[in-house]
Amino acid sequence: MAGVDGSLAAEAAIRWATAEAASRGAELHLIQAVTPLLPGHTVDHAAAVEILDAAVALARELAPGVAVDGRLDDGTPSAALIKASTEADLVVIGSRGLGLMLGALIGSTGLDLAANAWCPIVVVRPDLAGESGTRVVIGYDGSSASDRALELGLDYAHRHELKLRVVAAQPPNTELHRITPEELQAAVHDRAHGQHAELVQITGHPAEHLLRLSADARLIVLGARGRGGFTGMLLGSTTQTVLHHAHCPVAIIPTAALGG
Ligand SMILES: Nc1ncnc2c1ncn2[C@@H]1O[C@H](COP(=O)(O)OP(=O)(O)O)[C@@H](O)[C@H]1O
Ligand SMILES: [Mg+2]
């Protein structure tokens, strides 16, 4: 499923989601939220229908074999997409919408979804950077969210014939949550079905290393939360930093997507 709003980032999201739906043999549902405005203002329904129709036409043209439909939702973009995420396998959105938040690479919808969606999400940049990348990079910290990140990353790498790099960074000056090489190896081996993965264990700031080791990435995969942080937070600091600075699409496993 992909969210559309007529922006360049949304077009990138449609292209990415269409390719992924084709690869997975899945249907593609395009959703455009048409948020009711303040009293006295009216929603330009005709314009919204036009944008949605163009989005559906683009997806059908890109992948004639994929079943594509589109619908309007009268909630806010995040409410509409979070609701839709209860029935989707994956929600794909553009990193920025039409709203302007100066200096931020990711919009509020992306942050809201990463924190609250019921299935994995992918945030795609408008410039389609990362399209030529050759590997999937996964951030692993031993949390159940990063276990799911490992599974999603392995599956994506397998289907798209990409190399795989699993990064476990140990923050300096702490022994908290240290992962042994054996634990890392076992976590990957148990899920890899023979796929080869490069394992990188390194000391330092996790987000810094993840970004540095993703220069050649087609996709970065992370949990929304990890093992550290504060319980009240919905998005961990590693994930927030990577979402703001990544040069390729980022897949996030929200906590609600982990199930019981
Ligand atoms: N030390 C680390 N090395 C590699 N990846 C990490 C590390 N810490 C976190 N990550 C990745 O980032 C995700 C979110 O973790 P983080 O932002 O640190 O949240 P929290 O504050 O809850 O620990 C994790 O699920 C994992 O994918
Ligand atoms: Mg952490």
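Domain bounds here come from an automatic or database domain assignment. In the predicted model, that assignment divides the protein chain into domain 1 (2-124) and domain 2 (135-258). Local features need pLDDT of at least 70, side-chain atom pairs count only at pLDDT 80 or more, and totals for chains, interfaces and linings use all residues. Residues are numbered from 1 along each chain as its sequence is written, chains are lettered from A and ligands numbered from 1 in the order in which they are written, and side-chain values use heavy atoms, with hydrogens and water left out.

The C-alpha centres of the two domains are 25 Å apart. Contact (heavy atoms within 4.5 Å) links 19 residues of domain 1 with 20 residues of domain 2. The buried area between domain 1 and domain 2 is about 1700 Å²; this is the accessible area (1.4 Å probe) that two parts lose on being put together, summed over both. Carbon and sulfur atoms account for 65% of that area.

One salt bridge is counted between domain 1 and domain 2. The term denotes a side-chain nitrogen of Lys or Arg within 4 Å of a carboxyl oxygen of Asp or Glu. Arg159 pairs in this way with Glu20, with 2.6 Å between the closest N and O atoms.

On the side of domain 1 that touches domain 2, α1 (8-24), α4 (108-116) and β5 (121-124) each give two or more residues. Helices (H or I, at least four residues) and strands (E, at least two) are DSSP runs, numbered from the N terminus. α4 gives the most, with five residues.

The structure holds 13 salt bridges. One of them joins the side chains of Arg15 and Glu11 at 3.1 Å, N to O. Arg15 and Glu11 are separated by about one helical turn because they are four residues apart in helix α1.

Ligand 1 has 21 residues around it (a heavy atom within 4 Å). Gly139, Ala169, Arg225, Gly226 and Thr238 come nearest. A polar side-chain atom of Arg225 is 2.4 Å from an oxygen atom of ligand 1. For a backbone N or O atom of Gly226, the distance to a ligand 1 oxygen atom is 2.8 Å.

Notes. A polar contact is a pair of N or O atoms within 3.5 Å; within protein, one must be able to donate a hydrogen and the other to accept it, and residues adjacent in sequence count only if both atoms are side-chain atoms.
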